Amino acid sequence: MSCLLPQFKCPPDTPVQFRRHRHTSAHHLACTGQDPHSRSRSIINRWHPQSRPAMPHYMSLRSSSHHLGGLAVPSKLKRRVRSIDNNRGVKMSMEAGIGIMATKLGMMSYFEPEGTVVPVTVVGFREGNIITQVKTESTDGYNAVQVGYRRVRDRKLTKPEMGHLQKAGTIPMRHLQEFRLQSIEGFTPNQPLIFSELFNEGDLVDVSGITIGKGFQGGIKRHNFKRGPMTHGSKSHRALGSIGAGTTPGRVYKGKKMPGRMGGTKTKIRKLKIVKIDNELRVLMIKGALPGKPGNLLRITPAKIVGKNIPKS
């Protein structure tokens with residue numbers, strides 16, 4: 001079929017669907033006899049859930065498309081949709097045992113009996129570390145123990161939070177955290193956790209908390225970059241420098257180390273040794289530095305050792 005408007009000079013042997021017209025809708029209608037917007041309307045109707053005809057119950061959308069939120073996604077996007085579904089199913093890590101929450105008090109030097117000086121962090125305990133909920137595989141899909149810490153006044157909590165704690169019969173507490181365990185036998189709501197019964201001197205623990213916020217910092221402090229020459233006419237002292245090539249790739253790669261906000265993130269320090277347990281003062285002495293400053297909330301759990309206290313798989 002040849003073009004009915006010769007001023008556009010359409011090649012006669014070129015199929016209509018591959019012709020690159022600089023024409024209007026009227027020209028397209030004159031050349032092909034088809035509405036130029038019919039294809040876009042068909043695409044919209046195909047994607048709109050209300051305009052599709054009802055499918056029999058025995059036909060599965062997964063055979064030719066994936067169903068996501070009431071919208072049929074073509075087969076080309078199956079892999080992308082599966083990755084989204086997998087991300088939604090991310091599970092929390094398994095703990096080696098029940099843990100407790102504590103408050104960082106500060107650092108000091110501890111002298112061992114043989115005279116060795118050990119830098120330790122003193123960790124104290126406020127009122128709390130009481131089990132508020134026990135989650136099971138049948139009710140919640142996984143086994144976990146929820147623990148509350150740090151008693152507060154009733155007016156400091158919302159009514160849903162107060163109702164949750166009153167259901168367990170516990171005191172009002174500020175912090176609630178879960179410890180996912182392999183077995184939850186022996187744990188009941190409103191059961192207090194005593195640190196001296198859970199840990200012994202010499203045990204290894206994992207301690208996590210929020211680090212001290214440093215604010216917006218440059219590349220030298222944040223990523224340990226080297227500075228430029230300070231003399232001999234150099235004008236680049238602490239500047240970042242090049243962040244990538246120009247024409248190729250013509251962009252900055254994701255994850256490029258650059259200035260930005262430093263600190264204030266959750267960090268876990270693994271396999272720290274408990275040096276001393278003082279039951280009278282209700283404190284722990286843990287070797288080394290812990291995240292955060294004095295008064296910071298810490299989460300202390302038994303150290304994970306693959307093949308020993310947690311399975312390899």
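Helices (H or I, at least four residues) and strands (E, at least two) are DSSP runs, numbered from the N terminus. Keep that in mind, and let's start.

This is a predicted model: local features need pLDDT of at least 70, side-chain atom pairs count only at pLDDT 80 or more, and totals for chains, interfaces and linings use all residues. Residues are numbered from 1 along each chain as its sequence is written, and side-chain values use heavy atoms, with hydrogens and water left out.

First topic: salt bridges. The term means a side-chain nitrogen of Lys or Arg within 4 Å of a carboxyl oxygen of Asp or Glu. How many salt bridges are there by this rule? The count is four. Let me show you some.

Arg299 and Glu95 form one through their side chains, at 3.1 Å, N to O. Arg299 sits in strand β13 (residues 297-302) and Glu95 in the loop between α3 (78-88) and β3 (100-111), so this pair ties together parts that are 204 residues apart in sequence. Arg299 and Glu95 are both buried. Buried means under 20% relative accessible area, exposed means over 50%, and partly exposed is in between (1.4 Å probe, protein chains only).

Next, Arg151 and Glu127. Their side chains meet in a salt bridge of 3.3 Å, N to O. Arg151 is in strand β6 and Glu127 in the loop between β4 and β5, 24 residues apart. Arg151 is partly exposed at 44% relative accessibility. Glu127 is partly exposed too, at 45%.

Now Glu178 and Lys135. Their salt bridge spans 2.4 Å, N to O. It links strand β7, which holds Glu178, to strand β5, which holds Lys135, 43 residues apart. Is Lys135 buried or exposed? Lys135 is buried, with a relative accessible area of 13%. Glu178 is buried as well, at 17%. The side chain of Glu178 also makes a polar contact of 3.0 Å with that of Tyr142. A polar contact is a pair of N or O atoms within 3.5 Å; within protein, one must be able to donate a hydrogen and the other to accept it, and residues adjacent in sequence count only if both atoms are side-chain atoms.

Last topic: the backbone. Which peptide bond is cis? The one from Thr248 to Pro249, with omega near 5 degrees. Pro249 is in the loop between α7 (219-223) and β10 (260-262). His232 lies in the loop between α7 and β10. Its phi is positive, near 60 degrees, and it is not a glycine. His232 counts as exposed, at 82% relative accessibility. Arg150, in strand β6 (residues 144-151), has a positive phi of about 70 degrees, although it is not a glycine. Arg150 is partly exposed, at 35%.
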